[in-house]
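Here is a friendly briefing to read with the structure open beside you.

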Amino acid sequence: MPHTIDIDTEQQLLRSVFTGPIDRETVEAFTSDALKALQEHGVARMITDFRAANMKLSCREIIELPTRLKKSGLSRTVRRALVVRKITEEFRFYEDVSQNQVFTVRVFTDYDKALSWVLNELPGFQHPPSEK
């Protein structure tokens, strides 16, 4: 399976890790599994680690993800941190489109900073510029 999902009941957090290739079908399967886990355990925080994954999503598919998540029923109260190897323009745009749709989501390259943010807002946090 290209993704794992674990619930940290102490921190009320869903932790997920992707490995290998990620395409549209993989994201749809993950979304379904994650929504079930969020509802079943009543958690509203999520950190997803994509650093060991190989993105096979097109720029368009990445940008369309927030709309697809909205249609899937993901609550806008879920605070999500995504951890990637490199913050690209596509991920930055994904973050902006998500926030425009009133989702609370941030993209990071540092897992510890992502975890700190998802658990409680970091004062004065500024994103690094997109990497080319």
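Two residues are in contact when they have heavy atoms within 4.5 Å of each other. With that in hand, take the contacts in the chain with a separation of 6 or more: residues 24 or more positions apart account for 72% of them. Please keep in mind that this is a predicted model.

**The chain as a whole**

- The chain has four helices and five strands, and from the N terminus on these elements run β-β-α-β-α-β-α-β-α.
- How does the radius of gyration of the chain agree with that of a compact globule? For 132 residues, a compact globule would have a value near 14 Å, and the chain has 14 Å, so the two agree.
- Along the principal axes, the C-alpha atoms of the chain fill a box of roughly 40 × 35 × 25 Å.
- Of the 132 residues in the chain, 42% are buried.

**Valine 43 and aspartate 8**

- Valine 43 sits in the loop between α1 (24-41) and β3 (45-55), while aspartate 8 belongs to strand β1 (residues 3-8).
- In sequence, valine 43 and aspartate 8 are 35 residues apart, and in space their C-alpha atoms are 9.0 Å apart.
- Is valine 43 buried or exposed? Valine 43 counts as buried because its relative accessibility is 5%, and buried means under 20%.
- Aspartate 8 has a relative accessible area of 18%, so this residue is buried too.
- If you set aside the neighbours within four places in sequence, valine 43 is in contact with Ile7, Gln12, Leu13, Leu14 and Leu38.
- With neighbours within four places again left out, the contacts of aspartate 8 are Leu13 and Arg15.
- A polar atom of the aspartate 8 side chain lies 3.0 Å from the backbone nitrogen of glutamine 11.

- As background, most residues other than glycine have a negative phi.
- Glutamine 12 is not a glycine, yet its phi is positive, near 50 degrees.
- You can find glutamine 12 in the loop between β1 and β2 (13-22), where this residue is partly exposed, with a relative accessible area of 35%.
- Valine 102 is not a glycine either, and has a positive phi of about 65 degrees.
- Where is valine 102 found? Look in the loop between α3 (89-100) and β5 (104-108).
- Valine 102 counts as exposed because its relative accessibility is 54%, and the cut-off for exposed is over 50%.

**How α1 meets α2**

- α1 and helix α2 (residues 59-72) pack at an angle of about 30 degrees, and their axes are 12 Å apart.
- The crossing in which α1 passes α2 is right-handed.
- On the α1 side, the contact is made by Arg24, Val27, Glu28, Thr31 and Leu35; on the α2 side, by Glu61, Leu65, Arg68, Leu69 and Ser72.
- Which classes of residue make up the contact of α1 with α2? By class, there are four nonpolar, two polar and four charged residues.

Conventions:
Residues are numbered from 1 along each chain as its sequence is written. This is a predicted model: local features need pLDDT of at least 70, side-chain atom pairs count only at pLDDT 80 or more; totals for chains, interfaces and linings use all residues. Side-chain values use heavy atoms; hydrogens and water are left out. Helices (H or I, at least four residues) and strands (E, at least two) are DSSP runs, numbered from the N terminus. Buried means under 20% relative accessible area, exposed over 50%, partly exposed in between (1.4 Å probe, protein chains only). A polar contact is a pair of N or O atoms within 3.5 Å; within protein, one must be able to donate a hydrogen and the other to accept it, and residues adjacent in sequence count only if both atoms are side-chain atoms. Axes are lines fitted to C-alpha atoms, for helices over the stretch in contact, and angles run from 0 to 180 degrees between N-to-C directions. A crossing is left-handed if the near helix is turned anticlockwise from the far one by less than a right angle, and right-handed if clockwise. Ala, Val, Leu, Ile, Met, Phe, Trp, Tyr, Cys and Pro count as nonpolar, Asp, Glu, Lys and Arg as charged, and the others, Gly among them, as polar. The radius of gyration is taken over C-alpha atoms; the globule rule is 2.2 Å times the number of residues to the power 0.38.
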